[in-house]
Amino acid sequence: MNEIELVERAKAGDNKAFEELVKRTQDKIYNLGLKILGNREDAADLLQETYIKAYESLQNFEGRSSFSTWLYRIATNFALMKLRKEKYKKISIDEIKEASDGSYKLEISDWSNNPHLQYKNEELREILNEAINSLPPKYKTIFILHDIEGLSLSEISEILSLSIPTIKTRIHRSRLYLREKLSEYFKRKGN
Amino acid sequence: MDCREIIKLISDYIDKEIEQTKKEILEEHIKICKKCESILNTTEKTLFLSRKIYKNKKIPKKIEKTLYYQIRIRYKK
């Protein structure tokens, strides 16, 4: 049975159909939670809250987007709320703007062939992970959706109700900021 | 186009969201500009590494069980 049929049945009160929709999408939602929130407990919360909300507001789902896009929307809203309460130190929007415009002196050494550049390098992973976690919530969410999960710009635009140029700007700034953090690491390592 | 403008195009270039003429300008530019070339290369590597640090995991059984429990207690009788 396809997604549209399952949604129709679920809306008509068929709980088995709803559970089938959950089964088909739960791994995606759980992993999105893990990636954005960074730990199992929060990912489990996000998972539960997303499906409870979906169940309770199923009648409002009009099918203008796909069911999974709609779920992503509920899940990212929850993640954003959670991230904003987080104590993890975030960089300011100004800092991230600086890293991508000309006023900032970009680190230009080319470390793309540096021998320390291996994903098994724990120190490097740690630095990158920390840098991603320090992105302001509205940047981090988009970065994960686009660059990690591989969602298209138009899908993200539907999920977050943002214009494509806004999404592009945030992706670009996040990337250059993260690149800068890695550049600093390689500089310390003596490139 | 100067370096500042080229750098602004880097993400569109990586995502293949760039117009043909701008793409050509960028490609010509990085042939002669080490700085922009290295920014492009290192940005691509940053993305490559970022993808490597996240792995998809299966939902732990306990979390899955709680999820279905939480949904089922809400079913309308």
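A: The following account begins with one helix of chain A and then turns to its setting. The model is predicted.

Helix α6 of chain A comprises residues 122-133. At 1.5 Å a residue, the 12 residues of α6(A) should span 16 Å, and the end C-alpha atoms are 16 Å apart, so expectation and model agree.

Which residues of α6(A) are buried? They are L124(A), L128(A), A131(A) and I132(A). An α-helix has 3.6 residues a turn, so residues three or four places apart point the same way. The other side of α6(A) carries the exposed residues E122(A), E123(A), E126(A) and E130(A).

The cover over the buried residues of α6(A) includes α7 and α9 (164-188) of chain A, together with α3 of chain B. The contact between the two chains takes 38 residues from chain A and 28 residues from chain B. On the chain B side, α1 (3-14), α3 (34-53) and α4 (61-72) each supply at least two residues. Of these helices, α3(B) provides the largest share, 14 residues. By class, the side of chain B that touches chain A has 10 nonpolar, 10 polar and eight charged residues.

Within chain A, the division is into domain 1 (3-85) and domain 2 (93-188). The C-alpha centres of domain 1 and domain 2 of chain A lie 27 Å apart. Their contact takes 13 residues from domain 1 of chain A and 11 residues from domain 2 of chain A. On the domain 1 side, α2 (15-37) and α4 (67-85) of chain A are the elements that give two or more residues. The most comes from α4(A), with eight residues. By class, the side of domain 1 of chain A that touches domain 2 of chain A has six nonpolar, four polar and three charged residues.

At 1.5 Å a residue, its 19 residues should span 27 Å; the end C-alpha atoms of α4(A) are 28 Å apart, which agrees. Buried in α4(A) are W70(A), L71(A), Y72(A), A75(A), T76(A), F78(A), A79(A) and L83(A). The buried residues of α4(A) pack against α2, α3 (40-56), α7 (137-148) and α8 (153-160) of chain A.

Key
Residues are numbered from 1 along each chain as its sequence is written. Chains are lettered from A and ligands numbered from 1 in the order in which they are written. This is a predicted model: local features need pLDDT of at least 70, side-chain atom pairs count only at pLDDT 80 or more; totals for chains, interfaces and linings use all residues. Two residues are in contact if their C-beta atoms, placed from the backbone, lie within 7 Å. Helices (H or I, at least four residues) and strands (E, at least two) are DSSP runs, numbered from the N terminus. Ala, Val, Leu, Ile, Met, Phe, Trp, Tyr, Cys and Pro count as nonpolar, Asp, Glu, Lys and Arg as charged, and the others, Gly among them, as polar. Domain bounds come from an automatic or database domain assignment. The expected span of a helix is 1.5 Å times one less than its number of residues. A residue is buried if 20 or more other C-beta atoms lie within 10 Å of its own, exposed if 12 or fewer, and partly exposed in between; C-beta atoms are placed from the backbone.
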